[in-house]
Amino acid sequence: MNIKSIIFGVAASVVALGAPAAAFAQNKVNLGVAIPAATHSFTAGIVWWANAAKAELEKEHKDLKVTIKTAANAGEQANQLQDLVTANKINSLVIFPFESAALTKPVAQVKNKGVYVTVVDRGLTDPSAQDAYISGDNTAFGKVPAEYIAKALNGKGNIVAMRGIATTLDNERMDAFNSVMKDYPDIKLLDAKYANWNRDDAFKVMQDYLTRFKQIDAVWAADDDMAVGVLKAIEQAKRDDIKIVFGGAGSKGMIKTLIDGKDSRIQANVSYSPKFIYEAIKLTAEARLKGEALPATTIVPSVLITKDNAKDFYFPDSPF
Amino acid sequence: MVEGRLERARSFGSWLHGVGPVVGLALLCVAGTLLNSDFASLDNAMNVLTRTAFIGIIAVGMCFVIISGGIDLSVGSMAALIAGLVILLMNTMAGWMDQPILVVAIGMAFSVVLGAAFGLAHGLLITRGRIEPFIVTLGTLGIFRAYLTYFSNGGAITLDDSLSDVYSPVYYTSLAGVPIPVWVFLLVAIAGGVILNRTAFGRYVQAIGSNEQVARYAAVDVDKIKVLTYALLGACVGIATLLYVPRLGSSSPTTGLLWELEAIAAVIVGGTALKGGAGSIAGTVVGAILLSVISNILNLTSIISVYLNAAVQGFVIITVAFLQRRK
């Protein structure tokens, strides 16, 4: 019998005797994870990475239990929060809120019950409802491609852009892109239309850009799914004026293309990996196991991915 | 005198009713050309017609279902699931045999068969199961998409490169300057028109839609005809899907999103009554083209804020519906 199992045995008998378990409560972590359901590749990545974190961390820490709930809309997610507190008796929560405003009150209620709350990606409208905030870097998501494209074109040329779905997140990216381009007066942003982070819509929008503009030097597709549609449209029109197609978020398909150097237009990418849910779960679980708190805000930086560092961003098993 | 004028007014009304969608489309094309001269180019016309092909082919099938008094809300999810399953099947078969052309041919046939089978299931649930078509297809709308999401783990199901090379000409090649999907669209529309107007089946479909009881008393096998309309629509979804797969070579949970609404809108804008009974394939084709021309024009110009694109679409649909409203 080694020391560990003695301690464990003692702990178990103390709990069994009904003695106050407060001394251990600090170290026993029952972690709830509330995330959106896998409805498109990015959220599928979120679900996959959350499950990866659960498997890895539960194996590593005996005192940790992780419960994952996926929701198809904000209402369902709010219900799941209640279930996590009453049925699963969680004492820590990692949540990727479906919507900022709609989830703020439900999360605040969870926190009022003494649960430690980490919010991921979409910030709540009232930051006092959370203990810690971990997010991706939407400003860099727009800034990095803008800087790359501007440099690659030597500060001169015509570009077109795709936008996702009209959200604050999309606006942040577009604003960051535009603010870099302000310093390059010879680069003309011809148009930026919504293609809904969707391959088919990006294909159509790109076809029409190609009809409309006779000279395009670079495309900021702003998402790797949209980049797939963009490339197909260019291929179909047999246009060779486009030198760069810059996607974003680093999907495994695009990273693979980058590593293999299969397409001269895919020269770089910017990271915005669903892996940040993994980091958030890991950071929260480990801090709570030690009874520590996380910094109020942690930003997982979005960085430039080129052929040189692409291997670090390639996760062939993830669905994204 | 008064009667004559009434007569003339009525005939003008029915004339306007018949050509309403065509007038709408013509006006849109004029507007498009004025806004951007590239709109009238052959390349752009072919782009628009090719991308209309999917919705158009589905709308032809949808036209039969709606004329018979039914509805199918599941076609977008069905197309996405068929695309996913066909790609999975082809990828698997490519591992067994070294004949990519045969594999693709089997995949294309499977696509139509699968569509018809899904449609058949709808038809049986609606007639034998006596469940409202709205509910049956609302149910399968969720079921089809959920299974696609399950098979793809929420990501994309992608066709192997070697197969993609063989298959992509089906979407990207032109015959006599016209892309293959447009030819298929044309053939499906002509076949649809012939079946609706020149066969007993077509007449029964219209009879059931205008009065199901009377059709029953007239010894029409109502259940069989209804099942066939859903199977026909399913086959149309299969045909649309076999043209869709080679475009991007992938299917994901966002594939075919809202196609059902576009197909239904194309049918209704084309002058078919949502309550059934009468309708036209030609109108449906014009309706489908009209819908994609709107977004094409919006993409070719930037005079209207991108935030208002959907509103423009809404205004045009309502205006055209107004032009062809029933007297």
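Biologist: What do chain A and chain B bury between them, and how do you know that?

Modeller: About 2,600 Å², with 48% of it on carbon and sulfur atoms. Buried area is the accessible area (1.4 Å probe) that two parts lose on being put together, summed over both. This is a predicted model: local features need pLDDT of at least 70, side-chain atom pairs count only at pLDDT 80 or more, and totals for chains, interfaces and linings use all residues. Side-chain values use heavy atoms, without hydrogens and water; residues are numbered from 1 along each chain as its sequence is written, chains are lettered from A and ligands numbered from 1 in the order in which they are written.

Biologist: How many residues make the contact?

Modeller: Chain A gives 28 residues and chain B gives 31 residues. Contact means heavy atoms within 4.5 Å.

Biologist: Why is Arg247(B) with Asp200(A) called a salt bridge?

Modeller: The term needs a side-chain nitrogen of Lys or Arg within 4 Å of a carboxyl oxygen of Asp or Glu. Here the closest N and O atoms are 2.9 Å apart, so the pair qualifies. The count between chain A and chain B is three salt bridges.

Biologist: Which element gives the most to the side of chain A that touches chain B?

Modeller: H8(A), with nine residues. Helix H8 spans 199-212. Helices (H or I, at least four residues) and strands (E, at least two) are DSSP runs, numbered from the N terminus.
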